[in-house]
Every structure is written in structure tokens, then in C-alpha cells.
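Good morning. Please have a look at the picture first.

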Amino acid sequence: YFWVVAALILVQMGMGVIAAHYGVEGNGFYGLPFATILPYSVVRTWHVQMGLFWIATFWLGAGLYIAPAVAGYEPKWQRFGVNVLFVALLIVVAGSMVGQWLSIKQMLPDSLWFWFGHSGYEYIDLGRAWQIALLIGLLLWLGLMTRGIVPALKQGGEQRPILTLLLVATIAIA
């Protein structure tokens, strides 16, 4: 998860550099006609999306690391769930980026842009299918987190208030 976070941060920085340079040079990047491949709309969208994705990915990874640590054990099938969530995360990030690019370049049929393209919202520009997949992923993450936190809560002890706060934050994030 943390390598993906690092990659997403680098992509966000790269898109920020290109977007800022478009403000200076127009449609080029040091004389190269980048805008024909990466129009400003794509660069801006990816720059914002990558910020949201790396923050969300960091939360997912950190939570999945913390839950078994506070529980004192890893629940059965937890590793499988974590790996499924990781693959789903990669599919949503890559799929949404491709869909947004195809949509902005008008290469996506009219019947598909709503589901897989660029929705045109201010921050979450994912197509509806990617939004639904992201919601399912967050609910899967909530389930994985709860499986680690609830047994630790049942044990009681002085960690109970902080574990309750962790559980409430997990529910709020999902």
C-alpha cells in the first residue's frame, strides 16, 4: 500500500508540474506539444484525483496495519481480504484514469462516459462505476478494520476509549 501511495504522490506532483507549465506556455511543456496527448482537463483532473487517491490509500494501508496490531492477532482470512482490497484499489485508480482520459479525448461512446469516463464533478471526477467500486472498497475496508478492532474492544482495558475512537473514525471514513 505504501509503495502505491508513493507512486500516486509522484504522479500528482508530475501532473501539478505539467498543469503549472501549461499556465506559462499554453499547450506545451518545454516546447513539446503535450496538450495533444494530455489536455489540461486531464492533467487537472488527475492532479486532484491523485491527491484524493493517495490520501485514501494511506488511510487504508495505515488502518489495515493498525487493526491487527491493536487486536493482538490477525483474523482468519484477513490477508486475503487485504490483497483483494489492494487489487481493487489498483483497478479503480488505473481504470478511472484511463476512463477520464478516454472521456476527455472523446474516445468513449456516449453510452459509457457516464459509467467509466469523466463525471465532471469538482473533486470526484470518477465515472459512476468507479464511484460504486470505490464505495464497495471502502465498505470492504470497514469490514476488515472492524474484524480487528471489535475483538480488542471486547477485551476491555484502558485502551477501550482509543479503540472506540478508532472504530468511530473508521466508520466515518468509510
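Start at Trp-77, which sits in the loop between H2 and H3. A word on those labels: helices (DSSP runs of H or I, at least four residues) and strands (runs of E, at least two) are numbered from the N terminus. Trp-77 counts as exposed because its relative accessibility is 60%; exposed is over 50% relative accessible area, buried is under 20%, and partly exposed is in between, with a 1.4 Å probe and protein chains only. The phi of Trp-77 is positive, near 70 degrees, and the residue is not a glycine. For context, most residues other than glycine have a negative phi.

Before going on, the ground rules. This is a predicted model, in which local features need pLDDT of at least 70 and side-chain atom pairs count only at pLDDT 80 or more, while totals for chains, interfaces and linings use all residues. Residues are numbered from 1 along each chain as its sequence is written, and side-chain values use heavy atoms, with hydrogens and water left out.

Now the overall picture. Of the 174 residues, 39% are buried. Take the contacts between residues at least 6 apart in sequence, where contact means heavy atoms within 4.5 Å: 63% of them join residues at least 24 apart.

Helix H2 covers residues 40–71, which is 32 residues. From first C-alpha to last, H2 reaches 47 Å, close to the 46 Å expected at 1.5 Å a residue; the expected span is 1.5 Å times one less than the number of residues. After H2 comes Gly-72, with a positive phi near 90 degrees. H3 has 27 residues that should span 39 Å at 1.5 Å a residue, and its end C-alpha atoms are 39 Å apart, which agrees. H3 is followed by Gln-106, in the loop between H3 and H4. Gln-106 is not a glycine, yet it has a positive phi of about 60 degrees. Its relative accessibility is 71%, so Gln-106 counts as exposed.

How do the helices pack? Two packed helices are described by the angle between their axes and the distance between the axes. The axes are lines fitted to C-alpha atoms, for helices over the stretch in contact, and the angles run from 0 to 180 degrees between N-to-C directions.

First on my list are H3 (residues 78–104) and H5 (residues 128–154), whose axes come within 10 Å and cross at roughly 160 degrees. That makes H3 roughly antiparallel to H5; the cut-offs are under 35 degrees for roughly parallel, over 145 for roughly antiparallel, 65 to 115 for roughly perpendicular, and oblique for the rest. H3 passes H5 in a left-handed crossing, meaning the near helix is turned anticlockwise from the far one by less than a right angle; clockwise would be right-handed. Residues in this contact include Gly-81, Val-92 and Gly-95 of H3 and Ala-133, Gly-137 and Arg-147 of H5. By class, the contact of H3 with H5 has 11 nonpolar, five polar and one charged residues. Here Ala, Val, Leu, Ile, Met, Phe, Trp, Tyr, Cys and Pro count as nonpolar, Asp, Glu, Lys and Arg as charged, and the others, Gly among them, as polar.

H2 also meets H5: their axes come within 7 Å and cross at roughly 20 degrees. That makes H2 roughly parallel to H5, and the crossing is left-handed. Among the residues involved are Trp-59, Gly-63 and Ala-67 of H2, and Trp-141, Met-145 and Gly-148 of H5. The contact of H2 with H5 divides into 11 nonpolar, two polar and no charged residues.

Then helix H1 (residues 2–25) and H3, with axes within 12 Å and a crossing of roughly 15 degrees. The contact is made by Val-4, Leu-8 and Val-11 of H1 and Phe-86, Leu-89, Leu-90, Val-93 and Met-97 of H3. It has eight nonpolar, no polar and no charged residues.

Last, is His-118 buried or exposed? This residue is in the loop between helix H4 (110–116) and H5. His-118 is buried, with a relative accessible area of 15%. Beyond its neighbours within four places in sequence, its contacts include Arg-44, Gln-100, Trp-113 and Asp-125.
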